[in-house]
Amino acid sequence: MMVLGVSSVRAQEPPTPAKETEQMKAVPDMDHSQMDHSKMDHGAAPPPDPATLSDPGADSGMNHGSMQGGSAPPDARDPHAYSGGYTLDPARPLRMADEHNFHSLLVDRFERVRTRDNSSTEYDLQAWFGRNYDRVVLKAEGEADDGRIEDAHTELLWGHAVAAYWDTQVGVRYDSGKNPDRKWLAFGIQGLAPYWFEVDATAYVGESGRTALRLEAEYELLLTQKLVLQPRIEANFYGKRDAQRELGSGLSDLVLGLRLRYEIRREFAPYIGIERSGEFGGTADFARADGERTKETRFVAGLRFWF
Amino acid sequence: MKRIPKLLCGLPNLPRRRFIQGLAAGGVLLGVSPWLRPAWAQVTDTTTGSAPVLSGTEFDLTIAETPVNFTGRPRLATTINGSIPAPTLRWRQGDTITLRVTNRLPVDTSIHWHGILLPFQMDGVPGISFKGIAPGETFIYRFKVQQTGTYWYHSHSGMQEQTGMYGAIVIEPARGGPIRADRDYIVQLSDWTDEDPMRVLAKLKMQSDYYNFNQPTVVDFFRDAANDGVSAAMAKRRMWQQMRMNPTDLADVSAYTYTYLMNGTTPAGNWTGLFRPGEKIRLRFINSGAMTFFDVRIPGLKMTVIQADGQDVEPFTVDEIRIGVAETYDVIVAPKDDAYTIFAQSMDRTGHTRGTLAVRAGMTADVPAVDKPEPLSMGDMMGDMGGGMGGMDHSAHGGMAMDHSQHAMGAMTMGGGQVRARHARTEYGPGVDMRVDMPRTNLDDPGIGLRNNGRRVLTYADLHTIGGPLDRRGPEREIELHLTGNMERYTWSFDGLEFGKSTPVHFRHNERLRVILVNDTMMTHPMHLHGMWSELENPDGRFQIRKHVINVQPAQRVSFLVTADALGRWAWHCHLLLHMDAGMFREVVVA
């Protein structure tokens, strides 16, 4: 599953020029002159097979890559070629929504978590402010126990659209909680991979040569129009052992979750779920030294909401 | 739009389902406030919600907020002279008319005379052709009426059109035309939401499928797998999944929030037009919806189309018409029985509105069930590329044979009848989620949801403007623009550039030019060029029909000729209000 996030990102890379040329050639080669429509009796034609009509995938040989993404061919049109030198008045009163700021707060997870010997509250939210292609993004996730923030990761990023479904994000991350605070620079990519996987992958560089990597992928499976099953995976890696925060190097933790939510409204959905979480490597050693489990099953109940 | 004060909200917040058809006595709450019923509201003898009629050469129009209640929840609408629809304006060709428009709103407003030829300063687009009408101000529109037919008018400011600012215009011929009907009714279709329209847009920016409750589910998958096998069920979904697109993305805003209206009346209110048996009735259909394509039929009656967008066409008889946003169609019907339902369902099949033609008020006829939504096909996405004739559905048209020899390969087509689109370099960025390389050019496709319904559905290929083009010159120049967008981000644009990043399109004064529009999206866009006619060509390059709005279907390429005889600055945009506001808007400079 983790590999999935990475390969999805890769799948978004523009096709090589050679590949694109092939595709462009392929079309004129199709010999439509052989199709003799005059002999087709459309009046008497049986109803078309619904499988072929609404079944784009049946045309399996086609590569749809050229319909999306890629870079402009050298002979692409100049979109300003028809302007005759006219430009929009920068002081014009007419501003469409593309020049307005919008904002949103999505609390993807706000949940009570129960394990065999503990319970806590977790949150995972993302807010943004800005326009279509450039936004200020705030991401925050954390865990609270007995009213105290146990562990919190908060990021402030500048999101910039680089492709139809992908934004790059650059900014800072701040870790706080019961352990010493850590500051990081963050570089990430967030977006929608083919097959509708929501992917968020961010690399971090901290003080004293610390590095980290966080990968997250979510999927939404519509059981009905309002009942949504959401598998989710999250993995964290650290480049260097950090004893004060009880982190080892390499893969530190991995969580596989499954949440079932009911959208009372699109923006208001309670859910229940189950997660399997594990700590690995040096991080697991720290946990064991504290007498904690390194693998556990967690039951969650919470609320997803946005506005 | 603001919520109205608490004291007016006497109704409890009942479940919406109860009001999905709207209130029978919905609409403008006359009598709530005495100033709402001033002398200028010359209410005609209708009992069922038709707009007042104003005629002559001098008109006073006042724009204000008015309490309305279409769903059980009181709201404030933006109205012209206090009614929804706004007063019907009857003009006469050749007259010079004066319209004094007074703004009693706390914000700027405007009125645009849709489809009317006039000096650009009178066109009413703030920021393009004038500066708008400030609060408290009266703006005087004055122009000579050059044309005849059915048109409409609406606000071009913000979301005021969605909140009630639309009315019909009927222009009589100067010398009186042939009398075609015993009765004449305007059937103005629209969509109402209790939500603030800007909030609707903001929601779509956050979740572009917010209003779509017809999405493919796991249950559908298992049903397909059981019927057709797992691999066929997988294949059916593969391309959509790969491209991150949704085959049920038929409308951005659905009946989840919309109540569809006919002449400002909810389906429960049942607008009724009366007739005597044996009479011929002219129905002037106007789609004044902000975001809704309506598929209109009158079960039991054939409709003979005599005008489209105000222009006389060779009469053509059909069972059903898809009316794009801002289009108008005049039809003649000859009812025999006592009552007929005028049924208008939304293109996404989430709702409908209806009215009745009847010999007595209070009668009804059966109201058909809304059709099942049909998912978009490969041709809707890929044009002429996938599977050869992807976009065409040969079994459509109630078994009528299609003559493919007419699809001759004109100069603009490549071998095999295909036309390669020329994409702009700005289409390779984050604002564009798909491009169609081989668009289809056929005009005989009734469109998604109408291809296999057994009814004769009007297409542009059926329409021929009487008298041919206004200008016999061939095109001196070609302009190709692409209709683009990114559903996930909910951005809409021409050539991948939203209005704010665009430059105007320059038409040289008096030139005859060919405009080519290629739709690189999965939605049909009703494209409206202000101030000049768009003369649509058929795939062979021959004149087809003169219009002010041209629907461009998904993955379709259309071309039309324009005579740039109207000096000045004009708007050119998709008439889906939220697409326009999101940036599918260009300025045109004729100089």
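A salt bridge is a side-chain nitrogen of Lys or Arg within 4 Å of a carboxyl oxygen of Asp or Glu. Keep that in mind for the next minute. The model on screen is predicted.

Here is one example. Look at Asp495(B) and Arg77(A). Their side chains meet in a salt bridge, at 2.9 Å from N to O. That pair counts because 2.9 Å is within the 4 Å limit. How many salt bridges does the rule find across the interface of chain B and chain A? Four.

Now the whole interface between these two chains. On the chain B side, 101 residues make contact with chain A. On the chain A side, 78 residues make contact with chain B. The size of an interface is often given as the accessible area lost when the parts come together. For chain B and chain A, the buried area is about 8,100 Å². Carbon and sulfur atoms give 60% of that area. Polar contacts next. Between chain B and chain A, 34 residue pairs are in polar contact, with both residues at pLDDT 80 or more.

Which elements of chain B give two or more residues to the side that touches chain A? Among them are helices H1 (197-206), H2 (218-228) and H3 (230-243). Strands are there too, including E21 (477-486) and E31 (585-590). H3(B) gives the most, with nine residues. By class, this side of chain B has 44 nonpolar, 32 polar and 25 charged residues.

Chain B is divided into three parts: domain 1 (47-177), domain 2 (179-212 + 248-373) and domain 3 (425-590). I'll take domain 1 and domain 2. Their C-alpha centres lie 21 Å apart. In chain B, 29 residues of domain 1 are in contact with 35 residues of domain 2. Together these two domains bury about 2,600 Å². Of that area, 57% is on carbon and sulfur atoms.

On the domain 1 side of chain B, the elements giving two or more residues are strands E3 (75-80), E4 (86-92), E8 (149-154) and E9 (166-172). By class, that side has 12 nonpolar, 13 polar and four charged residues.

Technical notes
Residues numbered from 1 in each chain as written. Chains lettered and ligands numbered in written order. Predicted model: local features only at pLDDT ≥ 70, side-chain atom pairs only at ≥ 80, totals over all residues. Heavy atoms only, no water. Contact = heavy atoms within 4.5 Å. Buried area = accessible area lost by both parts, 1.4 Å probe. Polar contact = N/O pair within 3.5 Å; in protein donor to acceptor, adjacent residues only side chain to side chain. Helix = DSSP H or I, 4+ residues; strand = E, 2+ residues; numbered from the N terminus. Nonpolar A, V, L, I, M, F, W, Y, C, P; charged D, E, K, R; others polar. Domains from an automatic or database assignment.
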